[in-house]
Every structure is written in structure tokens, then in C-alpha cells.
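Here are my notes on this one, jotted down point by point. Have the model open while you read.

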Amino acid sequence: MSINRRNFLNIFLGTGFLGWVGSILYPLISYLIPPKVSEAKIQSVKAGIAADFPSNSGKIIKFGRKPVILIKTNKNKFVALSATCTHLDCIVRYRADTNQILCACHNGLYDLKGRNISGPPPRPLTAFNVNILNEEIIISKPSEMS
Ligand code: FES
């Protein structure tokens, strides 16, 4: 079988066209269907030195990709809770004046145990474990999340 000039050009241009279509479709499909990347299984994070943390204050700590609010109460007890509001996922903050956790998006309120006490949040915040090892604050996942 011989390939004449017309067939050669048809094959050449057809292959080029398919390559061009593929170069457009591949990134588009990759964008629409991202690869499944699982989050690294983080069991605990170091949150700083206990003595450096002021009493009656709160701080947002990254726990993997999720925020956790670490609170040192006015009785110098540490509490760590999920910082994602259970209503519509806003980030909560500590209110030192009332010793409560506020979600400013829709005025949701939680107590220091994470219980939803007023506003629209439907569920309590998830509590994390806090341990102090050699003055270092270690936040770890509760056993039911592991
Ligand atoms: S998102 Fe927190 S109260 Fe609505």
C-alpha cells in the first residue's frame, strides 16, 4: 500500500487536529473532575507554649485544613473546639467579655463546652483533646474522629 501526498496530508492534519482537541479538553476535564487527594491524617498539632497564652483569650489554630479554636479560660483551663460554626460554616471567635463563643455571621452562641446555646447553630462544636506536655500545648482529635 502506498501513501500518496493527499493521504499523507489528511493523516498529518487529522492527527494534529486530534492533538489540538486533546490539549483543550484535557485541562478542562481535569478542572471539572479534580483528582482525589485525601487529606493527610493529622492526629495532633502543637499549639504553642502554655505560659505564653494569655488567660481568658482564644486563638484559631490550623488542624490540618480545619480551624480549631483554642481557648484559655479565666480559670486557666484550656479548651479546644472546632472553629467551624455548625450552621453555615463561618469561623467562630471567643468573646472574653461573656466567656462564650460567637459566630458573628448570624449571632450564633456556644458555651465553653461547645454547646449551641442560642441562635441558628443546630449542633454543638466538636471538642478536641488538649494536653500540656513539657509546657507545650498539644491538641489532638477526639477518639470518635480518628
Ligand atoms: S454560620 Fe454561624 S450562626 Fe450562621
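1. Starting with the make-up: this is a predicted model, and its chain has one helix and 10 strands.

2. On overall shape, the chain is more spread out than a compact globule, because its radius of gyration is 27 Å, well over the 15 Å that the globule rule gives for 146 residues. If you want a box to picture, the C-alpha atoms fill roughly 90 × 40 × 25 Å along the principal axes.

3. How much of the chain is buried? Buried residues come to 18% of the 146. As for contacts, take those with a separation of 6 or more: 38% of them are between residues 24 or more positions apart.

4. Now have a look at strand 10 (residues 136–140), which runs antiparallel to strand 1 (residues 44–49), with five bridges joining the two. To find this pairing on screen, go to Lys46, whose bridge partner in strand 10 is Ile138.

5. Strand 10 also pairs with strand 9 (residues 127–133), again in the antiparallel sense and over five bridges.

6. Finally, the turn. Strand 9 and strand 10 make a hairpin, with two residues between them. Which residue in the turn has a positive phi? That would be Asn134, at about 50°.

Notes: Residues are numbered from 1 along each chain as its sequence is written. This is a predicted model: local features need pLDDT of at least 70, side-chain atom pairs count only at pLDDT 80 or more; totals for chains, interfaces and linings use all residues. Helices (H or I, at least four residues) and strands (E, at least two) are DSSP runs, numbered from the N terminus. The radius of gyration is taken over C-alpha atoms; the globule rule is 2.2 Å times the number of residues to the power 0.38. A residue is buried if 20 or more other C-beta atoms lie within 10 Å of its own, exposed if 12 or fewer, and partly exposed in between; C-beta atoms are placed from the backbone. Two residues are in contact if their C-beta atoms, placed from the backbone, lie within 7 Å. Two strands pair if DSSP finds at least two bridges between them.
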